Amino acid sequence: MEVLLFSDNPKLRLAFKVRGAFRLRSLGWKDFQREIAVPSVPALCYLDLATHPPWRLASVLRLIRARPQLSYGLVDRRGQQRDVARLFQEGAADYVDREALLAGVTAKRLLRVVSFLRTRRSEVPVGLPGGVGGRLLPSGTDWSEVTPEREYTFCLLFIELDGREEMEKKYGVKNLGIALASFRAFLESAVKPAHGRLWIWTGFGGIVLFPFSGADCPALGCLFRLVLFRHLYDVEESQFPNFLSYRLAMMIGNLTYTQANVGSVVSDSLNSVFHLGQEFAKPGQFCLTDEVLRFGHPALKEYFLEAGHFEGRRILRMRMPRHRRD
Amino acid sequence: MKVSGRLQNFLAQSMAQSLTVELMEKLAGRVIPDYDLHRQSGFPPQIPIPQRDAAQLIARDVVRLGQLRRFTEALIEVERDGLMGRSVTMRFLPRLIDEIESLGFVFKQEYGQFVEGGEGARTKGWGVLQEGSTYEFSFLRMDIAGNSKLVRKYPKAEVLRAFADLRRLLSAIVERRDGRIWHWEGDGGIGAFLFGAKNVQAALAGMEMLLELFMYNLTQCSLAGDLHVRLAVHTGPCQFLTNYKDIRSDTLRRLETLEGQYAAPDSLILSPGVYSDLGTKLEWFFRPVAATDRHTLYQYSLGWE
């Protein structure tokens, strides 16, 4: 893991006795925005409060919190912060005061910080449906560590085209088959950036599985785009003559991943996401459970509205983009 | 484009085994104005030219005058649609296309044309436009709103980085639709579209840019505030010159007026000529706005529930 120390005091890095899995980079405050703009790997940022204007701390923290790959600790050798508990409540992972600094920020301490981060993140999925007691069983950030016939926690997406009966009546079997095949290809390419895999195809939609690491949920951004850019697909690629409407439902849950006989899989999570999509979501809506939103990019939250409760879970729905304003 | 003797030979063989001399001459006339096979060959008008000789002669002239791609496009069209009511099967045509593509071009079925291919080989003229010639283009112009305010408010390096991000976004969106960025100057640029449904492509590129900008502001922008852009699309004739600053064009002047005077921040404005080409699905996204007593323009912008 990368440890980024932001300070204008060059001596401060001497207090970081980092080795093993950690790699320290000491940077000045002038580098801050550039470094965190596009973090390539998960990183733990230490912010030296003594060399940074206190009135700008809030905006620095806002930028860090907007990037799920980043965590942060505060170095407060002058004891500027009165309410340390509040720092942790607001998302800090470590607080290094003068004494801790004298003792040194060691690899052992950093391991404790990482362990703390894992615990804090894994608290959220407790109570997941379908799992063995709702345990978090991370499937990773991609499919490289997923083995068939084993249970994992995934982010599950239900998608289904609205107006199935009307389409079957109106289009004819051949035309409909071509249009549905093109929609399926579009869906597969749209979920690819977040490593989504179309797992079940029901003819007019299906289930997509996204690996879930337990740290964040890039699939949410992918689905947000699927809704926002929907009409471009409609105009440029869709083989359907009319505008398409589809329902989306998303949740985090456990299931045993299998490649063969997918239709015979028995899973509470699978049932729940089907129910959420078919019984709760209205045509054109994108509904999700609050766990998904909590792990998604923080900036997306304001685009979701309370939609009620379903099967004991809090559900939110995405605000609909309006592409035509009269 | 450097054409090998082998490729010229393929062309000659293809014609000799597929077309009559009369058809060959007619096709040559499509790319070389007033082409007269007898005059070129030296054969007296009353003596028929053997098929093989005619094919070799036309292949030589087509290559010499740099018209190989256009001539091959004509052959492809003839095979697809026939010629003078006759269906024609061109021999070696796939091989001929492969040979031209190996020179760095791609045949685009939808436009029936060869354009330059490969990721690193994008030129303003798609590798096929003639310097100084006039073509009918569709242009998309983007301007970053409040440029000078941004520079005053944020460190210059950060602002430049954000502008570079937008440039990358615009280039990707334009080039994905076979357009080309003709010009970029600090806080805005111009994309050109030439092939196929160029007005549709330019309008879609503008819409996508607004959506991408929304996502950029939401998840990537390192400035504390949002970036805003104004976009406009206009179509018309324009001379092609590699050096953009040398171009004098009423179409580009009108485009600048549309963008500067009528496009609100975070909106895309279309001229009537562009709008009339959109088709019913795409038209739906644009609402008419009265620009002057005589002119109606069409606007797209993103809103939220």
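1. Let me start with a salt bridge in chain B: the side chains of Arg180(B) and Glu116(B) are paired at 3.2 Å, N to O. The term stands for a side-chain nitrogen of Lys or Arg within 4 Å of a carboxyl oxygen of Asp or Glu. This is a predicted model, in which local features need pLDDT of at least 70 and side-chain atom pairs count only at pLDDT 80 or more, while totals for chains, interfaces and linings use all residues. Residues are numbered from 1 along each chain as its sequence is written, chains are lettered from A and ligands numbered from 1 in the order in which they are written, and side-chain values use heavy atoms, with hydrogens and water left out.

2. Chain B splits into domain 1 (5-116) and domain 2 (134-301), with bounds that come from an automatic or database domain assignment. Their C-alpha centres are 40 Å apart. Six residues of domain 1 of chain B and five residues of domain 2 of chain B make the contact, meaning heavy atoms within 4.5 Å. About 470 Å² is buried between these two domains, 48% of it from carbon and sulfur atoms; buried area is the accessible area (1.4 Å probe) that two parts lose on being put together, summed over both. On the domain 1 side, Tyr111(B), Val115(B) and Glu116(B) lose the most area, together 75% of what that side buries. The rule finds two salt bridges across this interface.

3. Chain A has its own pair, domain 1 (2-122) and domain 2 (143-318), with centres separated by 37 Å over C-alpha atoms. Here four residues of domain 1 of chain A touch six residues of domain 2 of chain A. The two bury about 440 Å² between them, with 62% on carbon and sulfur atoms. The count of salt bridges across this interface is zero.

4. Now to the chains themselves. The size of an interface is often given as the accessible area lost when the parts come together. For chain B and chain A that area is about 3000 Å², 60% of it on carbon and sulfur atoms. In chain B, Lys281(B), Trp304(B) and Glu305(B) lose the most area to chain A, together 27% of what that side buries. Between chain B and chain A there are three salt bridges. Glu236(A) and Arg177(B) also pair through their side chains in a salt bridge, at 2.8 Å, N to O.

5. Over all chains, the structure holds 37 salt bridges. One to look at within chain A joins Asp162(A) and Arg247(A) at 2.7 Å, N to O. These partners are 85 residues apart and link distant parts of the chain: Asp162(A) sits in the loop between β8 (150-161) and α6 (164-171), and Arg247(A) in strand β11 (residues 246-257). Helices (H or I, at least four residues) and strands (E, at least two) are DSSP runs, numbered from the N terminus.

6. Finally, which residues lie nearest the centre of the second largest pocket? They are Arg65(A), Ala66(A), His297(A), Pro298(A) and Ala299(A), out of 45 lining residues. A pocket here is an open set of points on a 1 Å grid over the protein atoms alone, where a 1.4 Å probe fits, with protein on both sides within 12 Å along at least five of seven lines; lining residues have an atom within 4 Å of a point. α9(B) gives the most to this lining, with seven residues.
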